[in-house]
Amino acid sequence: MIVILFGAPGVGKGTQAVILAEKLGIAHLSTGDAFRAAIKNQTPVGLLAKGYVDAGDLVPDDVVARIVEEAMNGEEFTNGCILDGFPRTRPQADALQQLLSAKGLAVDKVVNLEVDDETIISRLLQRGRADDQEDIIRNRLAVYNAETAPLLDYYNDAGLLVSINGIGDVNEVSSRIVAALT
Ligand code: AMP
């Protein structure tokens, strides 16, 4: 099963992806985590990505494709995966479709987690990651609205989108997601 966890930064995609991957027994790919690891290890992709991640801007699609392709060739992805933070642009959605169809796979569901902006900002300020300063958070939200949110129409038209209320207890939200997938 291929599930995309979709939503603005701070809606809880990362937390829910970990729980969901465990519950469904499939792999979890967070492109944000992959970039942070690459930056820490100063790999070529990490060096290319650093400035964008620090500023809360999107890493260019060709660099994203490199990290996703590499990850999805891993053995653990044969049973499917939870995609967390990818795709974030229409070219990335097209690249994903190509990558999956080459393996005889397709996206099964896109779970859109919905949380209002003010709750997102207070959650992220509490989390305190390097890119969780208020001006960078606001930029990430603006980038989400401009470049990523339009994918909702694309996946809705494809009949794959399901929207879930992301406010509430972590386990409660997780149960809502599982219910939507079964
Ligand atoms: P995240 O951990 O998903 O909040 O991502 C943190 C940062 O990594 C983002 O603000 C972007 O700079 C970068 N990033 C992660 N995933 C992508 C993606 N699919 N496309 C472009 N940039 C990404």
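A polar side-chain atom of Gln92 lies 2.9 Å from a nitrogen atom of the ligand, a polar contact being a pair of N or O atoms within 3.5 Å. The protein covers 96% of the 490 Å² of accessible area that the ligand has on its own (Shrake-Rupley method, 1.4 Å probe). The structure is a predicted model, in which local features need pLDDT of at least 70 and side-chain atom pairs count only at pLDDT 80 or more, whereas totals for chains, interfaces and linings use all residues. Residues are numbered from 1 along each chain as its sequence is written, and side-chain values use heavy atoms, with hydrogens and water left out.

Around the ligand there are 15 residues, the closest being Thr31, Asp57, Gly85, Arg88 and Gln92 (a heavy atom within 4 Å). The side chain of Thr31 places an N or O atom 2.7 Å from a nitrogen atom of the ligand. Asp57 instead uses a backbone N or O atom, 2.6 Å from an oxygen atom of the ligand.

We can turn next to helix α1. This helix spans residues 13–24 (helices are DSSP runs of H or I, at least four residues, numbered from the N terminus). Its 12 residues reach 16 Å from the first C-alpha to the last, close to the 16 Å expected at 1.5 Å a residue (1.5 Å times one less than the number of residues). Lys13, Gln16, Ala17, Leu20 and Ala21 are buried in α1 (under 20% relative accessible area, 1.4 Å probe, protein chains only). They lie on the same side of α1 because they cover an arc of only 135° around the axis, taken from the directions from the helix axis to the C-beta atoms. The buried residues of α1 pack against β1 (2–6), β2 (27–30), β3 (81–84), β4 (109–114) and α9 (170–181), with contact meaning heavy atoms within 4.5 Å and strands being DSSP runs of E, at least two residues. After α1 comes Gly25, with a positive phi near 70°.

Methods:
Buried < 20%, exposed > 50% of the residue type's maximum accessible area, 1.4 Å probe, protein only. Polar contact = N/O pair within 3.5 Å; in protein donor to acceptor, adjacent residues only side chain to side chain.
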